[in-house]
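Morning, everyone. I have one structure to walk through today. Please keep the picture in view while I talk.

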Amino acid sequence: LFLIFKSCTLSEFDQDMPVQEGDILIPSRNAVHTLWPDATTSYIITDELVSREAEIKAAFKMISDVTCIRFKKRDTESSYLKLVTGNGCASFVGCQGGAQQLFFASECTVGNLCHELLHALGLYHEHTREDRDKYVTVNWQNIVAGKENNFKVKHGNTQNLPYDLASIMHYGRDFFSTNGNPTVLPKQSGVEIGQRKHLSQLDIERLNKLYSCGKL
């Protein structure tokens with residue numbers, strides 16, 4: 001079995017918790033599953049991640065520099081992110097209520113963490129949009145057996161924004177490949193997908209629309 005997880009990809013999450021699409025945690029209880037109030041996300045950093053606080057704050061800055069979303073250390077807030085280590089990078093989608101774990105393992109980069117934070121803020125993977133087949137081809141025969149659900153289309157609100165091949169939320173060409181061949185191929189030639197270095201312009205627009213940043 002040949003699994004490819006390049007440095008810019010998300011690591012396959014391996015904890016005793018249900019997971020979908022490689023890094024999206026599935027709640028075991030009824031979730032609030034909503035936006036963070038006042039575009040502000042409170043957080044705590046557990047002891048094992050204190051040495052990586054600069055990296056964590058760098059990921060926060062990637063978002064706060066281009067949106068109205070703010071991250072603050074928890075005071076008495078009942079809903080907050082709890083950054084913990086683990087065997088991969090993973091997050092729930094949206095505000096779940098209570099102490100919400102976000103996993104940031106040693107192999108995860110600042111860009112990986114930014115990707116997970118966008119999940120926590122409410123965004124899903126770009127390649128699961130309903131219109132994705134106009135822009136990418138999914139090569140089902142190259143996908144690791146049992147991981148096909150990671151590539152299935154989800155029904156949701158696209159906020160009337162175009163499909164974004166450059167999104168930090170897009171899978172790379174060989175995510176979950178069983179044989180080294182591409183699992184996702186853009187139909188436009190010369191385009192790279194799966195970057196974890198920065199928010200694309202459409203990522204920024206999506207977050208600002210989602211959190212009504214122009215109205216705050």
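Start with strand β6, residues 89-91. β6 and β7 run antiparallel, and three bridges join them. Keep in mind that this is a predicted model. Find Cys 89 and look across to β7: Phe 104 stands opposite.

Now stay on β7, residues 99-104, and turn to β5, residues 80-84. In which sense do β5 and β7 pair? The answer is parallel, over five bridges.

With β6, β7 runs antiparallel. With β5, β7 pairs in the parallel sense.

β5 has another partner, β3. Three bridges join β3 to β5, and the two run parallel. One place to look is Ile 44, whose bridge partner in β5 is Lys 82. How many of the five residues of β5 are buried? Four are, and the strand is mostly covered.

One general point while we are on strands. In a regular strand, side chains alternate between the two faces of the sheet.

Let me step back to the whole chain. There are three helices and nine strands. Read from the N terminus, the order is β-β-β-α-β-β-β-β-α-β-β-α. The chain has 216 residues, and 50% of them count as buried.

Next, the loops. Go to the one between β7 and α2, where α2 covers 110-121. Ser 106 is in that loop. Is Ser 106 buried or exposed? Its relative accessible area is 65%, and the cut-off for exposed is over 50%, so Ser 106 is exposed. Ser 106 and Cys 89 are 17 residues apart in sequence. In space, C-alpha to C-alpha, they are 9.1 Å apart.

Now the loop between β2, 24-25, and β3, 40-45. Ala 39 is in it. Its phi is near 55°, a positive value in a residue other than glycine. Ala 39 has 3% relative accessibility; buried means under 20%, so Ala 39 counts as buried.

Another loop runs between β8, 136-138, and β9, 184-186. I want two residues from this loop. One is Phe 176. Phe 176 is not a glycine, yet its phi is positive, about 60°. Its relative accessible area is 4%, so Phe 176 is buried.

The other is Asn 139. Asn 139 counts as buried because its relative accessibility is 14%. What does the side chain of Asn 139 reach? It reaches the backbone oxygen of Pro 182, at 3.2 Å.

Leu 207 lies in α3. Leu 207 has 0% relative accessibility, so Leu 207 counts as buried. Compare Leu 207 with Leu 121. In sequence they are 86 residues apart. C-alpha to C-alpha, they are 8.2 Å apart in space.

Finally, the largest pocket. Its volume is about 490 Å³. The lining has 25 residues, and the closest to the pocket centre are Gly 122, Leu 123, Tyr 124, Gly 156 and Asn 157. Which element gives the largest share of the lining? Helix α3, residues 201-210, with three residues. By type, the lining divides into seven nonpolar, 12 polar and six charged residues.

Why does this pocket lie between domain 1 and domain 2? Domain 1 is 19-121 and domain 2 is 125-199. Both give residues to the lining, so the pocket lies between them.

We went through β5, which is mostly covered. We ended at the pocket between the two domains. Thanks, everyone.

Notes. Residues numbered from 1 in each chain as written. Predicted model: local features only at pLDDT ≥ 70, side-chain atom pairs only at ≥ 80, totals over all residues. Heavy atoms only, no water. 1 Å grid on protein atoms, 1.4 Å probe; cavity = no way out; pocket = protein on both sides within 12 Å on 5 of 7 lines; lining within 4 Å. Points joined across faces, edges and corners; volume = space filled by probe spheres on them. Nonpolar A, V, L, I, M, F, W, Y, C, P; charged D, E, K, R; others polar. Domains from an automatic or database assignment. Pairing = 2+ DSSP bridges. Buried < 20%, exposed > 50% of the residue type's maximum accessible area, 1.4 Å probe, protein only. Polar contact = N/O pair within 3.5 Å; in protein donor to acceptor, adjacent residues only side chain to side chain.
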